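Good morning, everyone, and thank you for making time for this. I would like to take you slowly through one structure, so please bring it up on your screens.

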Amino acid sequence: MATPTFPKKPAAPLNATPVAYAPKDLEVKSYLPEIFRGVGVSMRHFFENTREMLRGKRPDPVLDRYDDGITTISYPEQKRPYPERFRGIHRLTTRTDGSVRCVACLCCSTACPAQCIFIEAGEYPEGDKRRGYERYPVKFVIDELRCIFCGYCVEACPCDAIRMDTGMHAVPYDSRDQFIYDRDLLLSFEGRDGSYETRNPRHEPGEKTHPGIDREHHH
Amino acid sequence: MTPLTLIADVVKILIMVMFVLNLAAILTWADRRQSSMIQDRIGPNRAVVKIFGKEFRLAGLLHPAADGLKFFTKEDFMPPKADKLLFTLAPMMAMAMVFTLVAVIPFGDTLCPHAFHWNGWRFWEGPAVQRWGTCAADPGKGYYPIDLVVAPLGVGILYVFAMAGQGIIGAAIAGWASDNKFSLMGALRAASQMVSYEVTLGMSLIGAMMIYGTVRLDDMVRWQDEHTWGIFVQPLAFFLFFAAAVAENKRIPFDLPEAESELVSGYFTEYAGMKFGMFYFAEYAEVVTGSMLLVTIFLGGWSLPFFHRDGLLIQFGNATVVQALVPHFWMIVLNVLAFFGKVLVVCWLQVVVRWTLPRFRYDQLMRLGWKILLPASLANILVTGVVWLALDKAGLAASDGLKLAADLTQALVAVAITVGVLRLLIGFFGPVKHQRDVVGSSAQIAAKRGGTKAEPMQA
């Protein structure tokens, strides 16, 4: 009985790029030339890297990071600087007189999606020229474990009082309460430019640049 | 046996065993640091020793020491159903075979105490000895010629094969005794692989034995010293032996018995502490002994090109270019240094090969061993025999031509070594160029600081 023949289906169009295999000619099959080539590559890297290592002229791991040599960063001793806009641990900025710049408006704690900021607002004492004009934080606490480092608090702050420009990353501690950063700790961090203030000027009541608006005197 | 020869024996044993032990330890370091240099990494450099408050890292050389300490302090674990006797015996066997093997490897020419200047303390100023023949014993003065080999055995290389063959037993017993499937698989692989490559290992040397006309390793070196290095008369056998020796050492690309991606770590999966350390150490010691054999049989052993027993003699055919006698003491020092230097270079080469090649598949391994290497070694024997007979019949003109060719190969080796060393030196002090790309604020901050600073300098 003759075996029935079926019309052959045309091959489906190939939805991929075919891989070009190395031709299996004698050179490839005999291993040796490729082995010598491979050993040559290894040796070139070995000699080059050993030479740079011995002479202490390794490529800089940040500046020469696309170089062929050893561009490993030995972490605790060497650090890659964080980029300019890196959001690190928060800090509270200060005024020129060193007092806290925050006016306890609760914008940041309201904006915080992780609800990690707690602020207890306080009035300035009677007779202070800021009384009735603004308040100050008696307590300003950030739970750095809850913080998701989204930066909304910085965006929300109308006074440029909270910033994330310390260039520090979250530190490992061994207990949770150590992650609760209070006002004084947050005030003690400096920005990457080494200052406790910000470059945005602050207009205090009584100064010439002050628009003269407060709770009693408004437009 | 006089006190002098007894002391000489002890010293020889100490030299060989200490060399193998220390080089094996240094090879674990070399394996790590060299691989890191090949792969553009820094490699382990953190082991630290504090002396008077100063930290010394010694480029990571302390890691083997830290490893050793760790091995000794770890729990000596044994699987509950393991065969207690065999489990304990296996690492000892693996280790012992390697160290018995070095007994017949000569690391220098026969030392003649007569030729030293024994009057006064400047004993190195003695005369050169004769190039041919050995110095006779002088029992009256207590002088006996000292072979710089632990045991100058007449069976030489046969003893090496016998001992290298025992290496299987340690691996096989370890796998069998540890009551673990992976271990057993590893042991089976090790056994079949080592049996297969043992054949090639032996066969590849038969051509060399035919040419050298001896199985004594020191006589083999003397032949090479007189004529030319074995790699020039047996080039194919050199590669066959190298491949087979790497396979015997169970190192990449032939490390299937301990293939960590398939078998955890093969036949020593269940071993911990110093028992594991002994396997680990035996592997590196095997690298050293394999290199020693390779150097002895194919790379001229202790001999250097144009240097003979009596000194330097640069000769092409019958035309002598330079002849200079060298005091015997300095010749011996040169010989010993040459031997150990060559061993270091071959060990280095083995590590490079290890970090270059990928692992074979098991069927590829067997095919390579039985279908390629073994027939090639048999063909090598045949061709060697035919050529040897033909040259033997060809008469005086051919032997003169061979003498000239041998001298040319010696010149080639001398030039190659000189050029290589010079090239290394020139390359070392050449300018270092780096590709600088300051892209992104991170790199710009680093550039402003003058580069990424490392406070304690890296080793």
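How many residues of chain B are in contact with chain A? Before I answer, please keep in mind that this is a predicted model. In the model, 33 residues of chain B are in contact with 35 residues of chain A. On the chain B side, the helices α1 (3-38), α11 (328-354), α13 (396-429) and α14 (440-448) each supply at least two of the residues that touch chain A, and α14(B) gives the most, with 7 residues. If we sort that side of chain B by residue type, we find 16 nonpolar, 11 polar and 6 charged residues.

Let us now turn to chain B as a whole, which has 14 helices and 5 strands. A compact globule with 459 residues would have a radius of gyration near 23 Å, and chain B, at 25 Å, agrees with that. Along the principal axes, its C-alpha atoms fill a box of roughly 70 × 60 × 50 Å, and 39% of the 459 residues in chain B are buried. Of the contacts in chain B between residues at least 6 apart in sequence, 79% join residues at least 24 apart.

Finally, I would like to look at one pair of helices inside chain B. The axes of α5 (residues 181-212) and α12 (residues 362-394) of chain B come within 9 Å and cross at roughly 15°, so α5(B) is roughly parallel to α12(B). The crossing of α5(B) past α12(B) is left-handed, and the residues of their contact divide into 15 nonpolar, 10 polar and 1 charged.

Definitions and conventions
Residues numbered from 1 in each chain as written. Chains lettered and ligands numbered in written order. Predicted model: local features only at pLDDT ≥ 70, side-chain atom pairs only at ≥ 80, totals over all residues. Axes fitted to C-alpha atoms, helices over the stretch in contact; angles between N-to-C directions. Helix = DSSP H or I, 4+ residues; strand = E, 2+ residues; numbered from the N terminus. Parallel < 35°, antiparallel > 145°, perpendicular 65-115°, else oblique. Left-handed = near helix turned anticlockwise from the far one by under 90°. Nonpolar A, V, L, I, M, F, W, Y, C, P; charged D, E, K, R; others polar. Contact = placed C-beta atoms within 7 Å. Rg over C-alpha atoms; globule rule 2.2 N^0.38 Å. Buried ≥ 20, exposed ≤ 12 C-beta atoms within 10 Å, placed from the backbone.
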